[in-house]
There are 2 protein chains.
Amino acid sequence: MTAPARTRLSPDERRSQLLDLGVRLLATRSLEELSIDMLAEEAGISRGLLYHYFGSKHAFHEAVVRRAADDLIAQTAPPGEGDPLERLLVSVTAYVDYVDANYEGYLSLVKGAAGNDTLREIYEEARAALTDRIFREDAQGQIITDSATNRLLVRGWSAMIEELVLSWRAAPDGVARDELIALMAASLPAIVGVIPPG
Amino acid sequence: MTAPARTRLSPDERRSQLLDLGVRLLATRSLEELSIDMLAEEAGISRGLLYHYFGSKHAFHEAVVRRAADDLIAQTAPPGEGDPLERLLVSVTAYVDYVDANYEGYLSLVKGAAGNDTLREIYEEARAALTDRIFREDAQGQIITDSATNRLLVRGWSAMIEELVLSWRAAPDGVARDELIALMAASLPAIVGVIPPG
């Protein structure tokens, strides 16, 4: 057992390691605050080397946000088996935990996505992955049958739970975390069940 | 009966008239596309006079967005009497009609609000007015009792119906307008009813 040898990392591995560091730094600061200088200092390497890996601050930000979105999708994956509502609850809990732990960066992404085409694309892709997953994971339609109306409703629900966690994180106002999570999970079957299929 | 005499308008009335024109122009174009030049041409007055009224393009945009938000709040006011669910349906219908008629401007506002502090403030104020109204209009709590949890849920619902109307407007995908409106209205009582008050 030896300590990881930095010199043995391939360029791809090193780049990936730097992205992980970027995502960690982004957890507690906005994207605008996350500079190449800061990453260089935290990583103990030169700015020049970082520009070699990422090309520009803009490209670095995109790569970090893409990695963060992948992390979010991976961390909120529901368990492969079990009661559908229970699996939904596990996934929603992981989502709240993720936003809670990465609040500043997540907030800046939601804001930044609105004004930046590339960030919006990453954001929309992540949201599509998260909502499509619901239909794939619930292929038997135990919670929600696959239809154009329900695809639309799940998009709406997704916007709702994002607003709920961000509002709650900014001002919990006495609402307990477990209550929030239970409300988020229970609202999906409630919304898709409001009007019986015609 | 004579035609309105433009020279008789006070500066405030003239400014207000120009704002109405700005809002009409914003309906079918984004905020970035709405220039002082365009407004000057449509109004048949000089750019210099518009700068006199609004100071800067930035201030002009803010004033137009504020007027648009006031219009939205006024146009979506529920009727003063009647069954609570019926009043909610009327309000939601007016909201969908508003976004439908002012799509380009509304979309640009939602996007612009994320990256601009003043626009975000106007947007947040409008959203707060729309959500607070639900508790004021439903003071007897027939649809929704007033609590911290329900205030949070109404914020979430508000984000959901915005996402629903924007997604639907971009790609209706066979979902009928009436179905969309019925889903939006029915989802509010469904969401606040998911967990019985403890």
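What share of the contacts in chain A with a separation of 6 or more comes from residues 24 or more positions apart? The share is 61%, where two residues are in contact if their C-beta atoms, placed from the backbone, lie within 7 Å.

This is a predicted model, in which local features need pLDDT of at least 70 and side-chain atom pairs count only at pLDDT 80 or more, while totals for chains, interfaces and linings use all residues. Residues are numbered from 1 along each chain as its sequence is written, and chains are lettered from A and ligands numbered from 1 in the order in which they are written.

Select chain A. Its secondary structure consists of 9 helices and 0 strands (DSSP runs, H or I of at least four residues for helices and E of at least two for strands, numbered from the N terminus). Its C-alpha atoms fill a box of roughly 60 × 40 × 30 Å along the principal axes.

Next, select the side of chain B that touches chain A. Here 28 residues of chain B are in contact with 28 residues of chain A. At least two residues each come from α6 (103–115), α8 (148–170) and α9 (177–192) of chain B. The largest share, 13 residues, belongs to α8(B).

Now show both chains. A rotation of 180 degrees, with 0.0 Å of shift along its axis, superposes chain B on chain A at RMSD 0.0 Å (least squares on the C-alpha atoms of residues with pLDDT of at least 70 in both). The two copies are therefore related as by a two-fold rotation axis. Finally, select Met160(B), whose C-alpha comes closest to that axis among the residues of chain B, at 2.4 Å.
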